[in-house]
Amino acid sequence: MAGDFGTVFMPEMTLANFDGSWSESTLVPSDAISINPAAHVLHYASTCFEGLKAFKHEDGSVKIFRMDRNLERFRQSSELLYLPEITTTMVGDMITQVVAHYKKDVPAPPASMYIRPTHMGTEPAIGKAASPSLTSTLFILLSPVGDYFSGSEAAMRLLLDDTGVRCGPDHGRVKGGGNYASALKHIMRAKEEHQAHQVLFCPDGDVQETGAANFILFDGDEIITKPLDDSFLHGVTRDSILVLARDRSMNVQERNFTVDELLERVAKPGCEAGLVGTAAVMTSVTQLVYKGKTHPVGTGKPGPLIPELRSELNAIQWGKSADRHGWLIDV
Ligand SMILES: *Cc1c(COP(=O)(O)O)cnc(C)c1O
């Protein structure tokens with residue numbers, strides 16, 4: 001499992017093509033696909049993807065975490081990009097087929113098998129800038145991934161950007177390449193000019209999310225995060241952490257909040273902030289940079305609540321505590 005996150009792949013993947021109807025899913029080599037240089041995706045970014053994980057349990061079984069959520073989101077991203085229609089059953093079968101094929105290669109916790117479904121428009125028609133691709137390719141890549149936190153607890157420094165936007169304001173729910181492309185220049189500037197790891201997009205002061213993870217604020221008993229709207233990606237990890245917090249009778253507030261409120265709250269020692277997403281589950285944010293000034297979050301050190309909630313979620317994923325919400329499916 002050497003290499004950075006997402007650079008090592010299982011040698012085969014499941015793949016299906018749409019050309020009027022869907023082909024059977026087949027196992028094919030995962031190191032190359034053939035694509036027409038005029039393919040719609042290469043010019044007009046008709047592509048979306050998903051990210052979810054399979055875990056090995058002590059009894060040797062393999063479980064996929066909340067696949068239903070990722071399947072529905074993938075179906076929705078495809079629909080919003082006007083790609084050929086997919087069904088959650090079809091993609092779910094393609095995922096379980098390839099994970100079952102590589103069951104023995106799913107590493108034990110804290111490592112896992114990262115699953116990357118991808119759907120893209122392949123119609124060779126560069127004249128179709130303003131119309132959808134009528135053909136597409138869908139594949140399921142697998143990548144064994146290690147412990148994000150080998151070594152010490154991560155501590156993130158984020159730039160609060162109240163002028164840039166991650167993507168079109170009504171396009172945030174699409175998990176697609178185009179949104180990543182439009183966010184990149186803001187992230188690169190934040191790295192170069194502010195030594196920040198990521199940008200927290202806050203257009204007109206509205207605290208949204210970073211380029212690839214949702215943002216949650218913890219203040220004593222209160223948990224504050226943006227309510228579900230079209231501007232940002234509705235993370236499965238975000239939802240899972242909120243469920244665990246409600247189980248603990250914490251005061252979960254899904255509401256809009258501003259940069260002013262954020263900076264006011266993080267000045268208190270009992271405050272923590274976290275980035276949530278499938279890859280790392282939840283990472284502590286310890287510094288916010290705004291208008292050239294660095295604001296430590298709470299004590300300026302990670303924890304204790306964030307690592308605790310992350311461990312609680314990992315324990316369910318890894319089969320160390322009861323799957324009380326029915327989040328795991330057997331492969
Ligand atoms: C994938 C993604 C997330 C995290 O979603 P999870 O389902 O928790 O992995 C958050 N923001 C963006 C922009 C994403 O693409």
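Helices here are DSSP runs of H or I with at least four residues, numbered from the N terminus, and the expected span of one is 1.5 Å times one less than its number of residues. This is a predicted model, so to speak: local features need pLDDT of at least 70, side-chain atom pairs count only at pLDDT 80 or more, and totals for chains, interfaces and linings use all residues. Numbering runs from 1 along each chain as its sequence is written, and side-chain values use heavy atoms, leaving out hydrogens and water.

Take helix α7, residues 305-317: its 13 residues should span 18 Å at 1.5 Å a residue, which agrees with the 19 Å between its end C-alpha atoms. After α7 comes Gly319, with a positive phi near 80°.

Now for the ligand. The table gives its polar contacts, meaning pairs of N or O atoms within 3.5 Å.

| Ligand atom | Protein atom | Distance |
|---|---|---|
| nitrogen | Ala213, polar backbone atom | 3.5 Å |
| oxygen | Val236, polar backbone atom | 2.8 Å |
| oxygen | Thr278, polar side-chain atom | 2.6 Å |

On its own the ligand has 380 Å² of accessible area (Shrake-Rupley method, 1.4 Å probe), and the protein covers 96% of that.

Notes:
Helices (H or I, at least four residues) and strands (E, at least two) are DSSP runs, numbered from the N terminus. A polar contact is a pair of N or O atoms within 3.5 Å; within protein, one must be able to donate a hydrogen and the other to accept it, and residues adjacent in sequence count only if both atoms are side-chain atoms.
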